[in-house]
Amino acid sequence: YLCTEKGALFSPESTDLPDLTGLNNHLADCLRPDPAVFFRLRDRRTPSGVTFGECIKPGIDHAPCPRGTFRPCGLVAGDESCYGTFKEIFHPVIAALRGEKRQQKMAPAPARSPATPRDKVDA
């Protein structure tokens with residue numbers, strides 16, 4: 001869907017990073033610090049054919065709410081596989097929607113030998 005009158009100018013097939021200037025949504029906030037995410041994901045498709053461009057189109061095309069009271073996520077999942085295929089952008093946007101800071105990598109949990117009984121493991 002492309003419509004000059006409504007400002008829907010981003011083509012999902014675009015290989016160029018869209019202009020994020022003036023966008024006030026969680027998608028833009030997650031792409032600005034690391035625009036390389038766009039280039040890593042732009043050619044991927046889910047098994048049913050949903051593209052990265054289709055997922056980000058609403059966030060690129062829609063201007064912020066005039067009053068600035070509503071802050072959209074700017075991202076849609078075309079199918080359930082989008083969350084995994086495009087997790088590099090879905091995870092930080094979802095975290096931002098939930099009010100979480102960027103997650104730092106956690107240290108792996110210590111391994112427990114299968115031979116160690118549960119009641120002998122320190123709590």
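1. A definition to start with: aromatic rings pair here if their centres lie within 6.5 Å, and planes over 60 degrees apart count as edge-to-face. In this predicted model, Phe38, Phe39, Phe52 and Phe86 make up one aromatic cluster.

2. With that rule, the structure has four aromatic pairs. One of them is Phe38 with Phe39: the ring centres are 5.3 Å apart and the planes stand at 90°, so this pair is edge-to-face.

3. Next, have a look at Thr46, which sits in the loop between α2 (36-41) and α3 (52-61). Is Thr46 buried or exposed? Its relative accessibility is 4%, and since buried means under 20%, Thr46 counts as buried.

4. Which residues does Thr46 touch, leaving aside neighbours within four places in sequence? They are Asp79, Ser81, Cys82, Thr85 and Phe86. With Asp79, the side chain of Thr46 also makes a polar contact of 2.8 Å. Phe86, another residue in contact with Thr46, is a member of the aromatic cluster from point 1.

5. Finally, helix α5 spans residues 87-97, and its buried residues include Ile89, Phe90, Val93 and Ala95. Among the elements that cover the buried residues of α5 are α1 (26-31), α2, α3 and α4 (82-85). Just after this helix comes Gly99, with a positive phi of about 80°.

Definitions and conventions: Residues are numbered from 1 along each chain as its sequence is written. This is a predicted model: local features need pLDDT of at least 70, side-chain atom pairs count only at pLDDT 80 or more; totals for chains, interfaces and linings use all residues. Side-chain values use heavy atoms; hydrogens and water are left out. Rings of Phe, Tyr and Trp (its six-membered ring) pair if their centres lie within 6.5 Å; planes under 30 degrees apart count as stacked, over 60 as edge-to-face and the rest as tilted. Helices (H or I, at least four residues) and strands (E, at least two) are DSSP runs, numbered from the N terminus. Buried means under 20% relative accessible area, exposed over 50%, partly exposed in between (1.4 Å probe, protein chains only). A polar contact is a pair of N or O atoms within 3.5 Å; within protein, one must be able to donate a hydrogen and the other to accept it, and residues adjacent in sequence count only if both atoms are side-chain atoms. Contact means heavy atoms within 4.5 Å.
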